[in-house]
Every structure is written in structure tokens, then in C-alpha cells.
Amino acid sequence: MMAGPINVKSEIGKLKAVILKRPGKEVENITPDTMPRLLFDDIPYLPIAQKEHDNFATVLKQNGTEVLYLDDLAAESLNDAAVRQEFLQRIIAESGFKKGKTAEVLQNYLNSFDSLTMVQRIMEGVRKEDIQLKSIGLKEASEDGDYPFLMDPMPNLYFTRDPAAAIGEGVSINRMTFAARRRESLFMEYIIAHHERFANQGVHVWRNRNHDTRIEGGDELVLNNHVLAIGVSQRTSAEAIQDIAGNLFKNASGYDTVVAIKIPHNHAMMHLDTVFTMINYDQFTVHPAILTKDGQVDSWILHPAKDGISIEHHRDLKQVLKTVLDLDDLDLIPTGNGDPIVAPREQWNDGSNTLAIAPGEVVTYNRNYVSNEILRKHGLKVHEILSSELSRGRGGPRCMSMPIVREDLKK
Ligand SMILES: NC(=[NH2+])NCCC[C@H](N)C(=O)O
């Protein structure tokens, strides 16, 4: 059977197609004042960040992965004039201008570009000085007069993992937690609905972005063709997990098990994939800080039940994984070899955020040399990529990639 445009039934099947976003001008529109709000810890040096990102894309291509770029896909989704206008109106409204003079002027300004340039201008942010606004409304006048942006930049877009996630033959298009990232998932909504690669191809949307409860792709792990792990985290709420589980269970998605894993709510570990990833049939990276000394972490197994969803509480992560994955044993590989200094240092620069491109074959940041060494000792094939600037945004190879097609696993 020919796979559809979305086919992700594991974290580890050979990676065939992925969506990336090359960091652009949006990253240079971060300032020390806006850094915390825009979820960055420093300002990456863009030319180097781009070089590093191109190195990431090259490694993926050399290993047989088709690389698609978010801005190209978004632009190609807007070929229809009415769709393009509707998209513009919505992104401008979500940027704070539902109607009125400013909304109109922004719409005219952005309309003056071809679709790719328009999409990139939106991603980069639009400054007040970019548009010819003769009289401004009370809203803009009374807000911070010195603040240069009308539409904020979206520097986190290079973490394509988060605004949407492929699950089986469908996607979740996510309601993001922080305002800094909330508009990002609108691009994916238009791509899935209007890009010729995806539109009218039977791609299911398991959950759309019109919700108050929050979920992000960094928390959504596809363990196999019927089991998901989802982090209960700073970014993903328990309500959203129960909601998407309910949709998957009742819509013949193939998914009948969701393991909700509770992780600390902090900036270094904002998503499950910053502390836990699957890298082989029976191998995982784990940051020791999420476990008690005896390997315990709060987790819940959700299954469909006659009257809705059944929920069982567990504490032993290894046992939970063995049960849901039907394995006799498994190998949990500690970030930084579990050393009390190395583990938190390498986790901070995404030492646990490993992207599997095939079973037992991963892409990691070169700076996490202790974690890389231990992965190799455990038999993994490790492709290291450059990482001094990309890592300043607190995301690694898994965060920077949205797989859309993986080969199905044989067993
Ligand atoms: N899947 C991930 N872990 N993504 C990391 C995202 C980092 C980004 N600065 C944020 O705070 O949202």
C-alpha cells in the first residue's frame, strides 16, 4: 500500500520526509528585553546558526531524508487568492489587529509581496516603521510607544516539532502555551488544509488549534503504531492529553494506548523530548533528574473503555514502557552518563533531545560529547551536528524537525 502524505507510526522508523525551518531574520529580531518573553536565553549569531542548520539538513539528506521547508510549504499553500487573503486576515488578527485602520494597512503592506516573501516577512516580524500609517488608533497610541514591532517576530519557528505533530496518518495542530509561539501553528493549519501535497489526501486532524487547553509537539512521542507517550509538562496540560486520547481512540487512528508522563515544569525541561526520547526498539535517552533514585516518575496509562477512557496510575517508568511496548527488557541511557554536573549541563544544551533517523541511528549536537560517547557505547550510530548557536534557543535535533513520513517498522 502506498503511504499517504503523513505516515509516522514510530519515533525510530527510517526517516523519509521532514519539515524544517531555516533560522532567518526573526532570530535577529530578539533583543535582551524581549528574550525571556520570546523564550530564548541568548541571541544566536544568525550566519553561524544558518550554517549549523544547513549542516543538519545536509546530514538528513545524505541519509535519505527529503527535507521540506516550512516557509516554502506555507507560501505554496496560499496559491488561491481567497485563501491567501483569509490567511493574512487571520494572522494579522492573531497578532492583535482584528479590524480597523492598522489591520487594513498591514494587510495592504503584506499583500504587496509574493507569497514566499510575505510569509517570511510575517515570520520575521513587522516593525511600525515598515508601514505607512498616517493616523494610528488609540490602542496602538496608548500601548508602549517605544516598542518597535506591530507584529512580533517568531524566532522559535525553527523548532518545527512543536506547532504540529504527526501521529499515524494524521496530525495534531497545536494550541501553544505561550503567546510568543501561539501564531506558529496557523502555518501548519493552512499547509495541511491547502497545500497540494496534503489537501484532500485523507490526512486526519486528530485535534485542531481551536482549544483553550494546551499541547505542544515536543511532548508528543509516537512509540509505535498504537502507543503514544505524551508529557504532562509546562507546555502540555492533562486536559489536552485526555482530549486527544479520546479523539484518537474513537476515530480509528490505530492508537489505543497513551502514556502520560509527568515531568518538572521548568524552562530547561519544557517538553518531554528534552528529557526522554526513543532511539531504538528497546533503547531510550533519559535525563536522570526526572526520575527518583529508584527510577520512579508519575505516569498514567490511558486506554479506551466502555464509558470513555480508563486511567491507571503507575510509578515505575521502565516497567510501564515494558508493559505498553511488550518488551522483556529495555535500555534507559542516562544523559551525560548520569554525572551530577555533566547530565544537567548537557541536558541544558539538549543532550537528551535525540532525533532517531532509523532504529539505533540518531542525530545529536556535537557539544554533548559525554552523552554522545555513551550512546555509542550502547551500540548506537551517532551523527553529530554543529551546535554552538542553534542550542541558544533551548532545542536540539528532535525539536528542530517535524517528521511527516517514516518507514513502517517490520516488527
Ligand atoms: N520540542 C522541543 N523541546 N522544543 C524546544 C522549544 C524551545 C523554544 N525556545 C520554546 O521554549 O518553546
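The model is a predicted one.

The chain contains 12 helices and 19 strands. Its C-alpha atoms occupy a box of roughly 70 × 50 × 40 Å along the principal axes. The radius of gyration is 21 Å. A compact globule of 411 residues would have a value near 22 Å, so the chain agrees with that expectation. Burial was also computed. Of the 411 residues, 58% count as buried. Contacts across the sequence were then examined. Among contacts with a separation of 6 or more, 71% join residues 24 or more positions apart.

The accessible surface amounts to about 16,900 Å². Carbon and sulfur atoms supply 50% of that area. The chain carries 47 positive side chains and 57 negative ones. The centres of these two sets lie 1 Å apart.

Seven aromatic pairs are present in the structure. A pair of aromatic rings is described by two values, the distance of the centres and the angle of the planes. For Phe87 and Tyr190, the ring centres are 5.1 Å apart and the planes meet at 75°. An angle over 60 degrees counts as edge-to-face, so this pair is edge-to-face. The two residues come from distant parts of the chain. Phe87 belongs to helix H3, residues 81-94. Tyr190 belongs to helix H8, residues 184-194. The partners are 103 residues apart in the chain. Elsewhere, Phe40, Tyr158 and Phe159 form one aromatic cluster.

The backbone angle phi was considered next. Most residues other than glycine have a negative phi. Asn200 lies in the loop between H8 and strand E7, residues 204-207. Helix H8 is also the helix that holds Tyr190. Asp326 sits in the loop between helix H10, residues 317-325, and strand E15, residues 331-334. Where do these two residues stand, buried or exposed? Asn200 has 80% relative accessibility and therefore counts as exposed. Asp326 has a relative accessible area of 69%, so this residue is exposed as well. Both values are over the 50% cut-off.

Technical notes. Residues are numbered from 1 along each chain as its sequence is written. Side-chain values use heavy atoms; hydrogens and water are left out. Helices (H or I, at least four residues) and strands (E, at least two) are DSSP runs, numbered from the N terminus. The radius of gyration is taken over C-alpha atoms; the globule rule is 2.2 Å times the number of residues to the power 0.38. Buried means under 20% relative accessible area, exposed over 50%, partly exposed in between (1.4 Å probe, protein chains only). Contact means heavy atoms within 4.5 Å. Accessible areas come from the Shrake-Rupley method with a 1.4 Å probe; for residues, only the protein chains shown count as cover. Lys and Arg count as positive and Asp and Glu as negative; His and the chain ends are not counted. The place of a charge is taken as NZ of Lys, CZ of Arg, CG of Asp or CD of Glu. Rings of Phe, Tyr and Trp (its six-membered ring) pair if their centres lie within 6.5 Å; planes under 30 degrees apart count as stacked, over 60 as edge-to-face and the rest as tilted.
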